[in-house]
Amino acid sequence: MKARKLMITALTAVTAWCGALGSAAAADQYFPVLVYRTGAYAPNGSQWANGYLDYLKLTNAQGGVNGVKILFEECEFAYATDRGLECYERLKAKNGGAAVMQPLSTGVTFAATEKAETDKIPIVTFGYGRSESADGGVFKWNFPLGGNYWVQADIQVQHWAKVVGGLDKLKGKKLALIYHDSPYGKEAIPPLMERAKRHGFELMQLPVPHPGIDQRSVWLQIRQQKPDYVLLWGWGIMNIAALKEAIATGYPRNRMLGNWWSGSELDVAEVGAGAKGYSSLTLQHGAHPDAKVSKDILSQVYDKGNGTGPRGEVGSVLYMRGMLSAMFGVEGVRRAQERFGKGKVMTGEQVRWGLENLNLDDARLQALGLTGVIRPIVTSCADHMGASVSRVHSWDGKKWTITTDWYQADMQTLKPMIRAAADRYATEKSIQRRTDCQQQG
Amino acid sequence: MIYRENGQFKTSYRADQQIFPILQDRAFIVLLLAMAFVGVPMMASDYLFQAVLLPFVILSLAALGVNILVGYCGQISLGSGAFMAVGAYMAYNAYVRIEGMPLVAAMLVGGASATLVGIAFGIPSLRVKGLYLAVATLAAQFFCDWVFLRVGWFTNHSSSGTVSVAHLQVLNWRVDTPVEKYLFCLAFLVVFGLMAKNLVRSSIGREWMAIRDMDVAAAVIGIRPMYAKLSAFAVSSFIVGVAGALWGFVYLGSWEPAAFSIDRSFQLLFMVIIGGLGSVMGSLFGAAFIVVLPIVLDHFLSGLGAVSGLHISTALVAHVQSMVFGALIVWFLIVEPHGLAKLWSVGKQKLRIWPFPH
Amino acid sequence: MADDHQAAQSIGIPLGRIWVIVWCVAGVVALVAGVIWGSKLGVQFSLASVALRALPVVILGGLTSVPGAIIGGLIIGTGEKLSEVYLGPMVGGGIEIWFSYMLALVFLLFRPQGLFGEKIIDRV
């Protein structure tokens, strides 16, 4: 009894002490990092997180953002929305307020979007998130930089059109969409249906229930119906299972095109040579172990013993994705500092302005060491995406190599769709469209 | 010494049949309610409301519903997540499709729809029990998962399948801030808790307990099994459905079907088992254990890492947290299989004769 | 032991030892199943969701029968995939997650003991 009492008092004391700790110098810019290193999608989440953290460490090694160092803190949420929300709540107000949130999860993105207006924290969703959040007139705090799901779907069709020799040649062809049965996967359907109607091809919709390891029936249907091309919208284990099943049913991998969340080393490494010929879209970047920024990270972070993950991971696809996500956050802070005071810590509101006025041109990209990795990104109030281009890379058995030129998504069709969806959201939530969009250039 | 009912004589049946016949119990409950409604809002931070108290209150309401079915009526149900989903989606549809629908009414509509679904999937309980019934309710879980993904009507034909709700308000009171959300859900919990407590003390509650203990014998003495079992499913699903509506509307704000997956069903079942089958307080204890303990462990382990100077990766913290949590559950069930509520009642018993040991 | 713990104990069956043996055997069989699945499709954390489908299998086959479990497994496995391929497109796909459970539900309503199980007799 006495020992137990002692233990309880000790535990309470330590917990109280631990709670008191954790408040750091207020002169740092705080970046909470929501990660999932455990759970169903652990390998993907870990690689992304390592890239994200390494870039923040690189920024600090280079002196921070105009002298302001970045204070980052991880919070593990295992891809569960309620745990993600708890992480969000826990970290949003610490250390002077979070500068930006980047939840690599659709569920948390949707829930956090609801809170962004009250909490005043911008949410950057580099290549994912609500497709309609590209419309900054309604979604003031969301930034689906680099492209959203509709851009991907559109470019996937354009790629196959190019392969067959023109959009008109798609008539009569059959495309199969294998998608993760969740909001992430279902976002593919509207633009694809739109294109199917316009060009006259048939779209087979094959949902795969979470987590996606059970795809035998989907591939049996593919073997039965023999679609000309397959579009894969998976994540994590679903991609691996899809490729294995494709090999088992004998579907040629070079007729499969994944979206940019289905095209990383983790998806093909297990399958290796069998996946040769499989290609996927790139979120502008592919695998860049030789880019200047990767070399910088190796020399300034890993050589000093500060690396987050294994050294061999630097430059891999998801690593680059995490790294670029962090880059956007940092550039948003930098741009905000240009307006609100260089060398000062920025609030969420100010970082939001910075993200809305990003101008990452060739010169800036070169300074960051990102030439050849991504194209210039310019955001504005009306356009929170900044770019809508992609290219295709293919797996040759050992690595991903970029095999095509740049594709531009058909924004003539997508912009009205985005606007209509955003308007629908605005009416549902009784939000007024922003009027200050026209005033800002 | 303090907790004696000496001298507290009842002179009317009404006084004798109150929920809390002992004065000290009544005082404790009044204090607890005062703490919950007044004290906590004054002391707790926004983070505590949003991340700890809100899920705790909503999930204890859901656990209460599940406890009625599993604890009081003995029908194992692994479909509670589905019933929460039905409650949430039907409440959403009522709220969005009907102009000017009050929030509370929409939630009750959600609960009523969950009742209908619960009764439908409770029909196998008239034929089978135990593990077999668990599988039948699993069918409910997965079927509802699929329906909300596939049938566009439920999500108001949104392209991505996620739904969200706008500003919540009751009469003229906007439920915006974390404190208001907490009070809103707490009000539901108190009302439903009172309702549940009275139900289980009444004849229907005794029918449920008779079915749980020995259903054949109960049928022999004249309790209609169909009525008792289906009413348990109905009441339980209603409460779970309202909890689901609260979870979606108040806590998440914007949700997808995965928020009510099989993991949620298991979580509710664990709450009920750990908290104590067949006890209203048990649902609260179980919810506190399952919701609050992982967060406390998380803070404690990260704090430990910070204190000791070791760089503990968040993955390791998450793994250790799962292991400790699992070990605690196992240890706990070995030490006290009847759950936390049994510890509570044992504590009260000891308090009655305190300071004497027996 | 499945029928009545106390009765079994009173006639001298060592409960503890039998429980250990039963859990070990169940674990080994599950291990084999996991290894076979894993060698085909890769081992992942989410393999646990496959295990839950053992329940409809034993319901179909009958809880007290081993050949029932094998046959039930075959029926559920093929039934799931066939339903997805032929019935799935009619309703938009994805029905295999609930097909096995619904099949088990139908069986429970009409033949709770499964195909090869013993009829459950309830004694008061």
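The legends below describe several close-up views of a predicted model.

Residues are numbered from 1 along each chain as its sequence is written, while chains are lettered from A and ligands numbered from 1 in the order in which they are written. Because the model is predicted, local features are given for pLDDT of at least 70 and side-chain atom pairs count only at pLDDT 80 or more, whereas totals for chains, interfaces and linings use all residues.

**View 1. Chain B as a whole.** The secondary structure of chain B comprises 14 helices and four strands, where helices (H or I, at least four residues) and strands (E, at least two) are DSSP runs numbered from the N terminus. With a radius of gyration of 21 Å, close to the 21 Å that the globule rule gives for 358 residues, chain B is as compact as a globular protein of that length; the radius is taken over C-alpha atoms, and the rule is 2.2 Å times the number of residues to the power 0.38. The C-alpha trace of chain B spans about 65 × 65 × 45 Å along its principal axes. A cis peptide bond, with omega of about 5°, joins B:W354 and B:P355, and B:P355 is placed in the segment after α14 (340–353) of chain B.

**View 2. The contact between chain A and chain B.** Chain B brings 31 residues to this contact and chain A brings 36 residues, two residues being in contact if their C-beta atoms, placed from the backbone, lie within 7 Å. On the side of chain B that touches chain A, at least two residues each are supplied by α3 (46–72), α12 (280–308) and α13 (314–335) of chain B, and the largest share, seven residues, comes from α12(B). Sorted by class, that side of chain B has 16 nonpolar, 14 polar and one charged residues; here Ala, Val, Leu, Ile, Met, Phe, Trp, Tyr, Cys and Pro count as nonpolar, Asp, Glu, Lys and Arg as charged, and the others, Gly among them, as polar.

**View 3. The contact between chain A and chain C.** In this view, 21 residues of chain A are in contact with 14 residues of chain C. The elements of chain A that give two or more residues to its side of the contact are β6 (202–208), α8 (216–225) and α9 (237–249), and the largest share, five residues, belongs to α8(A). The residues on that side of chain A divide into 11 nonpolar, five polar and five charged. In the loop between β6 and α8 of chain A lies A:P211, which is joined to A:H210 by a cis peptide bond with omega of about -5°.

**View 4. The two domains of chain A.** Chain A is divided into domain 1 (25–147 + 287–388 + 419–439) and domain 2 (149–282), with bounds that come from an automatic or database domain assignment. The C-alpha centres of these two domains of chain A lie 28 Å apart, and their contact takes 14 residues from domain 1 and 17 residues from domain 2. On the domain 1 side, the elements giving two or more residues are α2 (42–61) and α12 of chain A, with the largest share, three residues, coming from α2(A). That side of domain 1 has six nonpolar, eight polar and no charged residues.

**View 5. Two packed helices of chain A.** Helix α12 (residues 317–340) and helix α13 (residues 348–356) of chain A pack at an angle of about 105°, with their axes 7 Å apart; axes are lines fitted to C-alpha atoms, for helices over the stretch in contact, and angles run from 0 to 180 degrees between N-to-C directions. The angle therefore makes α12(A) roughly perpendicular to α13(A), a description used for 65 to 115 degrees, while angles under 35 count as roughly parallel, over 145 as roughly antiparallel and the rest as oblique. Residues of the contact include A:R335 and A:F340 of α12(A) and A:W353 of α13(A), and by class the contact divides into six nonpolar, three polar and two charged residues.

**View 6. A seven-stranded sheet in chain A.** Seven strands of chain A form an open sheet of mixed pairing in the order β6-β5-β7-β8-β9-β13-β14, two strands being paired if DSSP finds at least two bridges between them. At the edges stand β6 and β14 (400–402) of chain A, each with a single partner strand, so one side of each is left without a neighbour in the sheet. Neighbouring strands of the sheet are turned by 25° against each other on average, direction ignored. Within the sheet, β8 (residues 256–258) and β9 (residues 279–281) of chain A pair in the parallel sense over two bridges, and A:G258 stands opposite A:S280 in β9(A).
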